[in-house]
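The entries below follow the order in which I went through them.

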Amino acid sequence: MPVYRLNDSEISFPHPTYARRDGLLAVGGDLSVERLLLAYTHGIFPWYEPGEEILWWCPRERFVIFPEEIHISRSMKKYIKKHELKMLLNRDFADTMHRCRVKREFNEGTWISDEMEAAYHRLHEAGYAVSLEVFEDDALAGGLYGVSIGKCFFGESMFSERENGSKAALIALAQALSANRFLFIDCQFHTEHLESMGGRYISWEEYEKKLRAGI
């Protein structure tokens, strides 16, 4: 199936059901706040290699975490009990996103380019992209960032500065979202790490229903 090429002069996307089996929906366009908001409110997100054209994805099966189902292992419960943990929201969005980039570049490579950092900083200034950091005994342990629209949270990336830092951040996020009746955390793609913390696949039909309700 050919991939839809976006018109740079028009902010629109093809219907998500036109995505290929691997989830790729469209190519091109830009990372303006308006286009990013349109994408996320329809279950679409950008993911591409730095220096290449923007690729837009919409997997038919969605890997999500329902905030109230976050899994806290026995070892994490011991860790949480042992340390004094403090959660900060939007402490320094740019710093958090850059740490996610640096950690990924060092370990396995990253899609977080200068262009992406600038785009999500604009989205943050518009009130939609958020960061969360966890401090362990007053030292930065880990954090994450994502996009928050309505009662839906779209996770983008995490980092750890200390062992269990990203896990602690995800647990803190899920608990905060659950308390505020958010419907889901969209993990975008499956990882064993996220599955171990409660992530699971749901159908596009179920995802779209929850997305419409949450938005």
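**Entry 1: the β-α-β unit.** I traced E9, helix H5 (residues 165-179) and E10 and recorded a right-handed β-α-β unit. Right-handed is used here in this sense: with the strands pointing away from the viewer, the path from the first strand over the helix to the second runs clockwise. Helices (H or I, at least four residues) and strands (E, at least two) are DSSP runs, numbered from the N terminus. The model is a predicted one, in which local features need pLDDT of at least 70 and side-chain atom pairs count only at pLDDT 80 or more, while totals for chains, interfaces and linings use all residues. Residues are numbered from 1 along each chain as its sequence is written, and side-chain values use heavy atoms, with hydrogens and water left out.

E9 and E10 pair in the parallel sense over three bridges; two strands count as paired if DSSP finds at least two bridges between them. Phe154 stands opposite Asp186 in E10.

**Entry 2: loops around the unit.** I looked up Asn164 in the loop between E9 and H5. Asn164 is not a glycine, yet has a positive phi of about 75°. Its relative accessible area of 22% makes Asn164 partly exposed (buried is under 20%, exposed over 50%, partly exposed in between, with a 1.4 Å probe and protein chains only). Gln188, in the loop between E10 and helix H6 (192-196), also is not a glycine and has a positive phi of about 70°. Gln188 is buried, at a relative accessible area of 9%.

**Entry 3: the sheet.** In what order do the seven strands of the open sheet lie? I read E6-E7-E8-E9-E10-E5-E11, with mixed pairing. Strand E6 (85-89) and strand E11 (200-202) are the edge strands, each pairing on one side only. From one strand to the next, the twist averages 35° (axes are lines fitted to C-alpha atoms, for helices over the stretch in contact, and angles run from 0 to 180 degrees between N-to-C directions).

Strand E7 (residues 129-136) is antiparallel to strand E8 (residues 139-149), over eight bridges. E8 and E9 also run antiparallel and are joined by eight bridges. I followed Gly146 of E8 to both sides: Val130 stands opposite Gly146, and in E9 the bridge partner is Gly155. E8 and E9 form a hairpin with two residues between them, and Gly150 in the turn has a positive phi of about 60°. Seven of the nine residues of E9 are buried.

**Entry 4: helix H7.** Helix H7 (residues 204-214) packs on the sheet, touching E5, E8, E9, E10 and E11, and its direction makes about 100° with that of E9. Contact means heavy atoms within 4.5 Å. The buried residues of H7 are Trp204, Tyr207, Leu211 and Gly214. Seen down the axis of H7, these fall within an arc of 95°, so they line one face of the helix; the arc is that of the directions from the helix axis to the C-beta atoms. Their cover includes helix H1 (33-40) as well as strands of the sheet, among them E5 and E9. On the other side of H7, I found Glu205, Lys209 and Ala213 exposed.

**Entry 5: Glu117.** I placed Glu117 in helix H4 (residues 114-125). Is Glu117 buried or exposed? Glu117 is buried, with a relative accessible area of 17%. A polar contact of 2.7 Å joins the side chains of Glu117 and Arg101 (a pair of N or O atoms within 3.5 Å; within protein, one must be able to donate a hydrogen and the other to accept it, and residues adjacent in sequence count only if both atoms are side-chain atoms).
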